[in-house]
Amino acid sequence: MELSEHIKTANVEDVTLRRPFHPALRGTLCVTSHHLLFSNRKDEASWQLLILLKNIDAIEKRAVGSSGTITIKCKDLLVLQLEIPGMEECLNIASSIEALSSLESVTEMYPFFYRPSHLTLLGPWGLSTTEQYYKQTERLWDRWRVSKVNSDYSVCPSYPSAVIVPREVDDDKLIRSARFRQGGRFPVLSYCHHSNGMVIMRSSQPLTGANKKRCKEDELLLQAVIDGSELGYIIDLRSAQQAQQARMTGGGFESKSCYRHWKRIHRHHERGKVVQESLIKLVEACSDLSHSVDRWLSKLENSKWLSHVHSALSTAGLVVECVERDGHSVLVHGSEGTDNTLLVSSLAQIILDPASRTVTGFLCLLEREWIQAGHPFQQRCAHSAYSHARLKQECPSFLLLLDCVWQVWRQFPLALEFSEALLLRLAQEVYASNYGTFLCNNEQERCAAGVKENTHCLFQSMLKPDIEEQYLNPLYEPTDLAIWPSVHPQSLQLWTGMFLRWTEYAQNMEEAREEVWSIVKEHRERV
Amino acid sequence: MSCTEVWWSEMEHIKMPKVENVRLVDRSSSRRTQVGTLYLTATHTIFVGKGSEDRSELWVLHSLVCNVLKHKASQSGYPLLIHCKNFQVIQFIIPQESDCHNVYISLSRLSRPEKYEELYCFSFNPNVDKAERGHSWDFLDLKAEYSRMGLPDKLWHVTAINREYRVCDTYPADLFVPKSVTLPVIIGSSKFRSRGRFPTLSYYCKENHATICRSSQPLSGFSARCLEDEQMLQAIMKSNPGSRFMYVVDTRPKLNAMANRAAGKGYENEDNYCNIKFQFIGIENIHVMRNSQQKLIEVSTLRSPSMGEFLTGLENSDWLRHIKSIMEAAVFISKAVAEEGVSVLVHCSDGWDRTAQVCSVASVLLDPYYRTLKGLMVLIEKDWISFGHKFSHRCGHLDGEAKEVSPVIDQFLECVWQLMKQFPCYFEYNEKFLISIHDHVYSCHYGNFICNSQKERKDLCIKEKTHSIWPHLWENKLDFTNPLFKPDQSQNQGLLRPRTAPYCFKYWRRLYNRFDRELHPRQSELDCLMTVKEETQQLEEELALYEQKLAVLDKERAKALYMQKGVLESKQTLWSLPLDTSLANTPQDYIGGFIGGAPNVFTLQQGERENAELCLFGDKPKSSDADNSDQESGVADFSSHSSGEESLPSEDSVKDPDSDETGPNRE
């Protein structure tokens, strides 16, 4: 079925648009295959609002007399209202939006049609590859190698074609280790400390099962990681009890007797549905207009969102503590190793590694640790906070990462090269984008769909000098040290820029941001 | 009794002037406990750390001590817990029980002076002469403030009726009333008001002649009337020619006001007063507020609470709900004055707590002047000090009725802080300024916040015997300036319209966890911006200087030479400064940049350091291992504040046949 077949009414005149902080506007509404376009022509100056249909999380229709009202709730948390004269038109528009906003076929999505004149599809896609990362990181050359064992994605469907592993472990061992890990996600290198050479590894859980199966190759692989040093730490992102229970369903954990030089620490992290429901509750609390502080605080508490932020930051701190202070290598995993594992390993790098705190460094980190590492974006970000659809595999792990990074920025306002604007942009793009970067669930799928050949890369476009500028932190002052965030509840705040983005509260903050820029610019001019 | 005598009598309370081998416990990390000597002086408790290089000192003013508690003996000795009015919590461990008891007895007495003369401000003697002291009291002039508002004018004038404090002993000597009211009307009205606090002007909007007036509750009981009081309100309304009615705002909950009727007090009956619109705004009384803050303090001092515990505790304290109710009252009044052009009479019971809060917050909303450093000082001087907010009682300066103590002024400062959070560019001052004021309200270091009324201060010769805080704060105004302040816009913007949605009210970490250094951002955006701004200005001045020189020089060659020099020198100052003062996370700066800077900025100012104030001298960055030690402090955070449930490493040990991996004893 052609996309255009979903469109029964393409144009409606005399539509009234209401959005926060703006007077209502009258204009024309158009529905296209991928967009909702509202345009208002008044005194020659025309104003347009273009919304990607994919950005629409939920719609509500209401009939008022002969006309209808559609409330549009976007994944970036914006809520709009359209008053459409004529009930039939209203219903047609609503059903088009419903059908077109939930397309499942990747190649029908807008990034495959987005062709701006200033970008070209030629040239390499993305910022870096595993091989390039390896080449740039001299520290790795001695003991680590790039393995192409997964070049046809058969060993681990969610891993990229190339991964970094200990030099002394050959591909056969990797294959065996992969069979012993859920989804084939055998331990691979995530980060190597710039001065002491200790590493952060990540994987999925070992499939020890009820019978306490062992895998010699997996044990050897981890042994090779610490290579003679006395101790490594396994940070298991489940409670000890959960890890135990996982054995009943074929999963498990690394027992001390088999992994002699590794110590396991359990930190409980919520995942999947629970976190998604947190997001839903939080957004609901933020849009509750009743005027009681008690209700607000209890709803905020009840959402548990800040508790997730708290756990993610403290576990990341723990990882850094092991690597940076104590000089030990760390393996991080939960169950699948595609969500909290990536959250913790990438946060740890931001705390630890000055290189990941620049705009380029941060985007490279996201590319490496989330996109190439196989975070299932398509499943996790199918819906955001407003959708009434039954939850499948949605989970705002990536948004949680952005929130944590925001908390770090609040505590170290000079240490990150990028500003809140970059985080907000990413929070928007991950749910609905013109670019192909967040499409699909892993490299294999992206390859099959031809994402690299047929879409533009978000990160590349964000790094164009004129665009990058808007994401810079005017006060950036690089530091080589680890930036240890405080994880006390008093130190963690609600990310107002994100969750109260469409309120006046956030607008005053915008003014403050502009003032910061003007102070800094004035200073630079004098220089 | 002279100061020396007082001093000697205080010395008598000191049973133990010095205790050795006392341990100062860092509540956030037991590893940072220090051993040293504890000294008790007439004015301070002083702890001097023993370390050879990092000799740290902790000075605590007795007047800042809220309470002293002995805890159960531990292995290492006898713990003594000191809670301060500025929310510092100090824990000493004293080896001998008798020493601990003696210190406890002495401190309990010293922190609860019985006479005004015992307060620190009477013995505080900075190196200034008499004339200068007198001068310090002239720094703020309320007469000038009223004339800034446009008073007196054809409708309002000063009445001399209270010059001797005979009509109302808790009011100031000079009061503004409508020109049209006669002396008998004022006296009649004052007799019909609690403690004689008749309606008088607090704020005047010269653009539209609307006013905020204040008073205490009327003695109306169930049916009493007072013609003069009715005339008084009528006169106030008529002094605003543009309006046909006025608001009377009773800031109490309706139930409380009704209960007061039984005691012969109460509220205005709309039928008796012409053209008033009466309105209750339910702000709770001082007792509710005291309990609420107590709960808030308990939450803020919880040891490693989980996110849920903290938020639930914050909610249960009700503190933010109270702040919101004060803010909403102020919003109502400011809108009435600025948007409707209607005058408002505000009262509560006595008109010195809630009334002071609401009038002053409304003034901050209405008038950009009160959002400047000097303006806030004037506002506090006017609405709080001169109008008889009972500082001595509310702050517990002297040993007395615990029920009189209440954080009324804290709430005012917090409302201003909440507004600053919402309008980052509209305030000339920053939160350090508010915190410094808070400090001095309680410290009894200066005379401003001593006593309960102007009359008491006059009787006690406060101006002759003590110093004023305001010029001192003014001297340090650079520390208190908000770099984001945009004066022009703020002038245009006049009325602030704050949001009062619940999410707009935040927990004031900088005040309540002020001394828990590890809780605060390690780098300060505002300090950094301030440096940048100062530098820009410096550069501009330099540029102007060189331009001047250039103008003087005729020869092209000489000109070129100077140009070059100018560029070079300005570059040097520029790049040397940010590198030194920036808050980058270099090992030294990691402690020193923000945190080290914090104690001296956030407590009291540099000049006072020698004069014995709360400073942690030991926070200066050490050389190389400073890096290490502070990283450890960060480390401690993660291990001790792990996420509640099964997260502690030691809880790893689930019963498992191969549970060889018990908790890795990482620490």
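Helices (H or I, at least four residues) and strands (E, at least two) are DSSP runs, numbered from the N terminus. The tour concerns a predicted model, in which local features need pLDDT of at least 70, side-chain atom pairs count only at pLDDT 80 or more, and totals for chains, interfaces and linings use all residues. Residues are numbered from 1 along each chain as its sequence is written, chains are lettered from A and ligands numbered from 1 in the order in which they are written, and side-chain values use heavy atoms, with hydrogens and water left out.

**Stop 1: Cys348(B)**

Select Cys348(B), which lies in the loop between β14 (344-347) and α12 (354-366) of chain B. An unreviewed UniProt entry annotates Cys348(B) as "active site"; UniProt positions are given in the numbering used here, feature names are shortened, and annotations may be inferred rather than shown by experiment. Cys348(B) counts as buried because its relative accessibility is 3%, where buried means under 20% relative accessible area, exposed over 50%, and partly exposed in between (1.4 Å probe, protein chains only). Next, display its contacts (heavy atoms within 4.5 Å). Beyond four places in sequence, Cys348(B) touches Ser215(B), Ser216(B), Gln217(B), Asp250(B), Thr251(B), Arg252(B), Asp353(B), Arg354(B) and Thr355(B).

Then widen the selection to residues 317-361 of chain B, where the unreviewed UniProt entry places "domain: Tyrosine specific protein phosphatases". This span is 69% helix and 9% strand, and its end C-alpha atoms lie 22 Å apart.

**Stop 2: Thr170(B)**

Move to Thr170(B), in the loop between β8 (156-159) and β9 (175-178) of chain B. Thr170(B) is buried, with a relative accessible area of 14%. Its side chain and that of Arg197(B) are joined by a polar contact of 2.7 Å. A polar contact is a pair of N or O atoms within 3.5 Å; within protein, one must be able to donate a hydrogen and the other to accept it, and residues adjacent in sequence count only if both atoms are side-chain atoms. Leaving aside neighbours within four places in sequence, the residues in contact with Thr170(B) include Trp352(B), Phe387(B) and Ser453(B).

**Stop 3: the two domains of chain B**

Colour domain 1 (3-112) and domain 2 (132-528) of chain B separately; the bounds come from an automatic or database domain assignment. Their centres, taken over C-alpha atoms, are 36 Å apart. The contact takes 13 residues from domain 1 of chain B and 20 residues from domain 2 of chain B. About 1,500 Å² is buried between these domains, with carbon and sulfur atoms giving 54%; buried area is the accessible area (1.4 Å probe) that two parts lose on being put together, summed over both. Select Arg27(B), Lys85(B) and Phe87(B), which lose the most area in domain 1 of chain B to domain 2 of chain B, together 44% of what that side buries.

**Stop 4: the two domains of chain A**

In chain A, select domain 1 (3-103) and domain 2 (130-480). The area buried between these domains of chain A is about 1,100 Å², of which carbon and sulfur atoms give 56%. Asp57(A), Lys75(A) and Leu77(A) supply 46% of the area that domain 1 of chain A buries against domain 2 of chain A, more than any other three residues.

**Stop 5: Asn454(A)**

Finish at Asn454(A), in helix α15 (residues 451-454) of chain A. Asn454(A) is partly exposed, with a relative accessible area of 31%.
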